[in-house]
Amino acid sequence: MPHLSLLPIIPSVAALSRAFLTWGCKSVRVLGTDQFLHILTDPKRAEEGRGIVTYANHISVLDEPIMWGALPSSYFWDRRTVRWSLGASDIIFKNELYRWFFRQGQTLEVFRDRGIYQDAINQAIQHIGRGAWIHIFPEGKVNLTRSTYMRRFKWGISRLILEAPICPYVVPVWLMGFDQIMPHPRAPPRWVPRTGADICVVFGDPIDVDAYRQTYFEWASMHHASGLTIQRSSSSSPALGESVLDTLLALRLPRVDIHTPPHHIYTYDTWRSVQLAPEDHPAYAMIRSHLAAYLRTNLAHVGLQTRLTLGYGPGEGLLAHRPNDVHV
């Protein structure tokens, strides 16, 4: 039975997205959906309150909602199988009509200058704790590239995973071809999607994030037990206490590979250059940073394997908005 609050916004937008993929695109490849839909509809997962976090590269203004047209239409009539998303206040919550529309579409309003301790992130964590599905574009803005090189991931996605009551399923989603539909910037008419794109949507395998959650809980228990403050010292290291620092360094997190440049990782050598919230702590920032880099690396691997499988090559440096680029 359809949930009345979903009528007609979500099913209608989903139907339009499916129609565009069917009739507006040259080709559409969708990979990995069986595994993802099994996770999404697993009654045991829902009973346990284990949420889902999906995240994707962001290459077009219309990644959302067109990418979800790749899923069967039946999944858009039940709130439990519809994703929650996060959207920038200055872009999609401009006026009352926009606010009503996107809130009906299960989108939480994010303010770019308020960090990761804002209401939208708190609400998203609560949704995950109820077994809901959250989708996020952790680059934070459209990245016009066809390579596997992405912007530094925002730390909000790490907080969703680390602070969820039960470890969520974390699924990377790789997008290709959406830059051909509605890139940014683009020539007039700006509001018209371009047809004839070659689209590919790949749902990767769930990522193991247990080591990061273990590290977070180890630190949190020591942090609260020792009564450590979050004030910064004037020395070159954060005021953590030697025992906490030694424990964090001793915990072995999954290795981040060459897809992640060194400046994408928060370290004790660079901690003073990062503006943290008053309630934050440098140690927690380091854990979040490493997790964000790990997620970014995993998504890059999905993209690289997809490109190689389809015969495109790694695609490093091919920018979609340059007219002389090879369209692959």
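Visitor: Start with Arg 99. Buried, exposed or partly exposed?
Guide: Arg 99 is partly exposed, at a relative accessible area of 21%. Buried means under 20% relative accessible area, exposed means over 50%, and partly exposed is in between (1.4 Å probe, protein chains only). This is a predicted model: local features need pLDDT of at least 70, side-chain atom pairs count only at pLDDT 80 or more, and totals for chains, interfaces and linings use all residues. Residues are numbered from 1 along each chain as its sequence is written, and side-chain values use heavy atoms, with hydrogens and water left out.

Visitor: What does Arg 99 meet in a salt bridge?
Guide: Glu 96, at 2.8 Å, N to O. A salt bridge here is a side-chain nitrogen of Lys or Arg within 4 Å of a carboxyl oxygen of Asp or Glu. Glu 96 is exposed, with 58% relative accessible area.

Visitor: How far apart are Glu 96 and Arg 99 in helix α6?
Guide: Three residues, so about one helical turn separates them. Helices (H or I, at least four residues) and strands (E, at least two) are DSSP runs, numbered from the N terminus.

Visitor: How many salt bridges does the count come to?
Guide: Six salt bridges. One of them joins Glu 64 to Arg 83, with the closest N and O atoms 2.9 Å apart. That pair links distant parts of the chain, 19 residues apart: Glu 64 is in helix α4 (residues 63-66), and Arg 83 is in the loop between α4 and β3. Glu 64 is buried at 17%. Arg 83 is buried too, at 12%.

Visitor: And which residue forms a salt bridge with Glu 109?
Guide: Arg 103, with the closest N and O atoms 3.3 Å apart. Glu 109 is buried at 19%, whereas Arg 103 is partly exposed at 47%.

Visitor: What stands opposite Glu 109 of β4?
Guide: Gly 87, a buried residue of strand β3. Four bridges join β3 to strand β4 (residues 107-110), and the two run parallel. Strands count as paired if DSSP finds at least two bridges between them.

Visitor: Which other strand pairs with β3?
Guide: Strand β5 (residues 133-136), in the parallel sense, over two bridges. Ser 85 stands opposite His 135 there.

Visitor: How many residues of β3 are buried?
Guide: Five of its five, residues 84-88. Both faces are covered, with Trp 84, Leu 86 and Ala 88 on one side and Ser 85 and Gly 87 on the other.

Visitor: Switching to aromatics. How many pairs?
Guide: 13 aromatic pairs. Rings of Phe, Tyr and Trp (its six-membered ring) pair if their centres lie within 6.5 Å; planes under 30 degrees apart count as stacked, over 60 as edge-to-face and the rest as tilted. Among them is Phe 36 with Phe 203: centres 4.8 Å apart, planes at 20 degrees, so stacked. Phe 36 is in helix α2 (residues 33-41) and Phe 203 in strand β7 (residues 197-203), so the pair ties together parts 167 residues apart in sequence. Phe 36 is buried at 2%, and Phe 203 is buried at 4%.

Visitor: Last one. Which ring does the charged end of Arg 50 sit over?
Guide: Tyr 169, at 3.8 Å from the ring centre. The rule asks for NZ of Lys or CZ of Arg within 6 Å of the ring centre and within 35 degrees of the ring normal. Arg 288 likewise sits over Tyr 284, at 4.5 Å.
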